[in-house]
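Have the structure open while you read.

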Amino acid sequence: MRCCQSATRMAGQMPDEGGSRKPEGPVREHYASEGVAARVLTALRVVSGQDVAITPETLAPIDHFHGRGVVATEELAAMLQPRVGDHVLDIGSGIGGPARWIAAKFGCRVTGVDLTPGFCEAARELNRLTGLAGQINIMHGSALALPAPDAAFDRAYSQAVLMNIADKRGFLREAFRVLRPGGLLALSFVGAGPAGEPYYPLPWATTTATSFLVTPDEIRSELLTAGFQIVALRDASAEVAAALAPVLTQLETEGLPPLGEHVVTGEGAKEWRINAMRSLRDRRTSTIEALARKPA
Ligand SMILES: C[S@@+](CC[C@H](N)C(=O)[O-])C[C@H]1O[C@@H](n2cnc3c(N)ncnc32)[C@H](O)[C@@H]1O
């Protein structure tokens with residue numbers, strides 16, 4: 001742990017013996033939502049017509065449930081390189097957009113695990129409507145106690161989830177356990193920035209209570225402690241901030257587009273997204289991408 005971390009960050013990162021899953025309650029409350037699939041379908045049909053095909057592509061503006069949309073999922077998949085027939089684990093699968101994208105584009109089986117019951121229900125319904133239910137299994141559960149046996153997966157990924165995880169060590173221990181020897185783990189998430197605390201409320205946390213941000217060096221150290229070999233780890237903040245600059249301007253001047261994550265989260269999403277983009281622009285957060293391997 002670095003001496004210069006803020007009290008908030010220190011408190012969030014301390015492995016809490018026997019109680020490391022305590023912050024999950026507030027995280028579950030933050031995301032709790034009912035009737036998500038119906039809202040997604042209504043919004044899509046209003047914009048694209050009643051007869052719109054329900055596919056990973058048509059759902060993509062809504063169901064990649066984080067600030068960077070399907071582009072981030074494509075970048076993650078390019079790192080992970082799933083192969084036909086692989087069994088891939090999605091840790092914190094949300095409403096299933098990334099799982100559907102990866103199952104459909106790469107011909108692999110995907111198991112998604114998520115803490116939020118309403119998101120698991122939505123994911124299952126959208127899997128059914130896209131004809132992908134046979135390829136994707138969604139399980140309600142915690143990243144800190146994955147409902148899967150040892151060495152069950154060829155590859156695993158987690159996108160826009162680690163910000164909500166206080167116990168990074170427990171998260172990585174579980175990911176390591178369920179990967180087969182030689183298996184790969186790809187991570188993409190918001191990390192701490194050098195210029196102070198981010199602006200709240202944010203999409204993953206309305207207050208500091210559910211936000212646990214680490215630096216690239218800190219996640220590197222945790223990956224190594226868990227036993228992973230690091231294939232690649234980078235701070236992608238500058239390029240992501242540049243890519244999001246026009247999106248931030250558009251959001252500030254024109255407001256939310258017709259389709260987006262606000263269909264899931266509600267109108268508060270505008271302020272949350274603006275804060276997320278300003279925090280990255282002002283170096284109060286970072287964008288971290290990592291690829292790690294469980295030794296063969
Ligand atoms: C910002 S969403 C990202 C969802 C998805 N990965 C995506 O990219 O579309 C964060 C997700 O992490 C899930 N999550 C947070 N903490 C979790 C935990 N401890 N175990 C499992 N899922 C968790 C939330 O329920 C939520 O669905």
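First, some housekeeping. This is a predicted model, so local features need pLDDT of at least 70, side-chain atom pairs count only at pLDDT 80 or more, and totals for chains, interfaces and linings use all residues. Residues are numbered from 1 along each chain as its sequence is written, and side-chain values use heavy atoms, with hydrogens and water left out.

**The ligand**

Which residues come nearest to the ligand? Of the 23 residues around it, they are Phe65, Gly92, Asp114, Thr116 and Gln159. Being near here means having a heavy atom within 4 Å of the molecule. That shell divides into ten nonpolar, ten polar and three charged residues. In this sorting, Ala, Val, Leu, Ile, Met, Phe, Trp, Tyr, Cys and Pro are nonpolar, Asp, Glu, Lys and Arg are charged, and the others, Gly among them, are polar. Helix α2 (residues 24-31) gives the most to the shell, with three residues. Helices (H or I, at least four residues) and strands (E, at least two) are DSSP runs, numbered from the N terminus.

Now for the polar contacts, which are pairs of N or O atoms within 3.5 Å. Here are three of them:

| Residue | Its atom | Ligand atom | Distance |
|---|---|---|---|
| Asp114 | polar side-chain atom | oxygen | 2.6 Å |
| Gly92 | polar backbone atom | nitrogen | 2.7 Å |
| Ala143 | backbone N or O atom | nitrogen | 2.9 Å |

Taken alone, the ligand exposes 590 Å², and the protein buries 98% of that. These areas come from the Shrake-Rupley method with a 1.4 Å probe.

**The cavity**

Rolling a probe the size of a water molecule over the atoms shows where empty space is left. On a 1 Å grid over the protein atoms alone, a cavity is a set of points where a 1.4 Å probe fits but cannot get out, and lining residues have an atom within 4 Å of a point. How many cavities of 30 Å³ or more does the count come to? One. The largest cavity has a volume of about 800 Å³, where a volume is the space filled by probe spheres set on the grid points. The ligand takes up this very space; to sit in a cavity, more than half of a molecule's atoms must lie within 2 Å of its grid points.

The cavity is lined by 49 residues, and His66, Gln159, Ala160, Val161 and Met163 lie nearest its centre. α12 (269-281) gives the most to this lining, with four residues.

**The pocket**

A pocket is an open set of points with protein on both sides within 12 Å along at least five of seven lines. Of its 24 lining residues, Gly67, Arg68, Gly69, Val247 and Arg273 lie nearest the centre. α10 gives the most to the lining, with eight residues.

Most residues other than glycine have a negative phi, and most peptide bonds are trans. Gln81, in the loop between α5 and β1, has a positive phi of about 45° although it is not a glycine. The peptide bond from Tyr200 to Pro201 is cis, with omega near 0°. You'll find Pro201 in the loop between β5 and α9.

Terms used:
A polar contact is a pair of N or O atoms within 3.5 Å; within protein, one must be able to donate a hydrogen and the other to accept it, and residues adjacent in sequence count only if both atoms are side-chain atoms.
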